[in-house]
Amino acid sequence: MAYYNYNLINKMVIIIFILVLVIDVTMVFGQGTRVGFYSSTCPRAESIVQSTVRSHFQSDPTVAPGLLRMHFHDCFVQGCDGSILISGAGTERTAPPNTNLRGFEVIDDAKQQIEAVCPGVVSCADILALAARDSVLVTKGLTWSVPTGRRDGRVSSASDTSNLPGFTESVDAQKQKFAAKGLNTQDLVTLVGGHTIGTSACQFFSYRLYNFNSTGGPDPSIDATFLSQLQALCPQNGDGSKRVALDTGSVNNFDTSYFSNLRNGRGILESDQILWTDASTKVFVQRYLGLRGFLGLRFGLEFGKSMVKMSNIEVLTGTNGEIRKVCSAFN
């Protein structure tokens, strides 16, 4: 009869599982990106980006959510190729979903510093991916290893932005757009959880407060006490450009407070709040909150994994694309 040391076997299984996770994060999808891509060609690249993000954040905390959102919008249109950074008429950044993006000056600053020490080596697409990670770090979130090696795209068109998820879209519509990019329902909930930092203008959610879906009343999913607070902040026919925190009470902290707000009927955007009312997404909100009866998930860890997946959407590597000299213009 054979005897087995089950404790040893269990430990080996755990070690193998951890190794698989590490491989999954560092050798992503065979897309040609890898952690430490610039370790020999521009070893200071990542530290320059991080110090630049930190410096700008100290004077303007809004750049953190701005950079995170910018990276998301870049990856969902023509892949993560830095096309969102191109300025000029008819480019992606002029499209309606992108007109309120902020943080371009951070990328330009980092690029200028990197070009001074490693000219023509580091892509703008990689600088944006690194800056998005560092934006989470400066807002007290967990860090993760960012695979690099992307090259910059040569096309940027406002007409290509229609596949960006919208704030009035149903969960099914959002899931379809995420699935088209190789992202699943957990990735959707996780990445939208990035709304734990940042703000929204009243014009993007005030319709929920007064005449929701032409009912003559507010969105019934909004907590009654919270509704009066929002109506005070965004009065009917008031200033639509006024900004309101997406994560009430925790606007500059990268944490799970956002998911608690969804559970309590305090989501700001309609597309956020329905993550709680739709069964397919609600389960992941519950898991991030660690509710009894649900297998818990650590939001910080899962966010990093989903960001790595997203940051490898349709990337250009090898000899494809270019390494821009200036991030806002093609070579």
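Modeller: Before we start: a residue is buried under 20% relative accessible area, exposed over 50%, and partly exposed in between. Keep in mind that this is a predicted model.

Colleague: Okay, so how should I class glutamate 314?

Modeller: Its relative accessible area is 41%, so glutamate 314 is partly exposed.

Colleague: Which side chain does glutamate 314 meet in a salt bridge?

Modeller: The general idea is that side chains of opposite charge can pair when their charged atoms come close. Here the partner is lysine 181, at 3.2 Å from N to O. The pair ties distant parts of the chain together, 133 residues apart: glutamate 314 sits in the segment after α13, and lysine 181 in the loop between α6 and α7. Lysine 181 counts as buried because its relative accessibility is 16%.

Colleague: What about a pair inside one helix?

Modeller: An α-helix has 3.6 residues a turn, so residues three or four places apart point the same way. In helix α13, lysine 305 and glutamate 302 are 3 residues apart, about one turn. They form a salt bridge, with the closest N and O atoms 3.4 Å apart. Lysine 305 is partly exposed at 29%, while glutamate 302 is buried at 14%.

Colleague: Is threonine 281 buried or exposed?

Modeller: Buried, because its relative accessibility is 0%. Threonine 281 belongs to helix α12, and its side chain reaches the backbone oxygen of aspartate 278 at 3.2 Å. Beyond its sequence neighbours within four places, its contacts include Val171, Thr185 and Val189. For valine 189, 92 residues away along the chain, the C-alpha separation from threonine 281 is 6.5 Å.

Notes. Residues are numbered from 1 along each chain as its sequence is written. This is a predicted model: local features need pLDDT of at least 70, side-chain atom pairs count only at pLDDT 80 or more; totals for chains, interfaces and linings use all residues. Side-chain values use heavy atoms; hydrogens and water are left out. Helices (H or I, at least four residues) and strands (E, at least two) are DSSP runs, numbered from the N terminus. Buried means under 20% relative accessible area, exposed over 50%, partly exposed in between (1.4 Å probe, protein chains only). Contact means heavy atoms within 4.5 Å. A polar contact is a pair of N or O atoms within 3.5 Å; within protein, one must be able to donate a hydrogen and the other to accept it, and residues adjacent in sequence count only if both atoms are side-chain atoms. A salt bridge is a side-chain nitrogen of Lys or Arg within 4 Å of a carboxyl oxygen of Asp or Glu.
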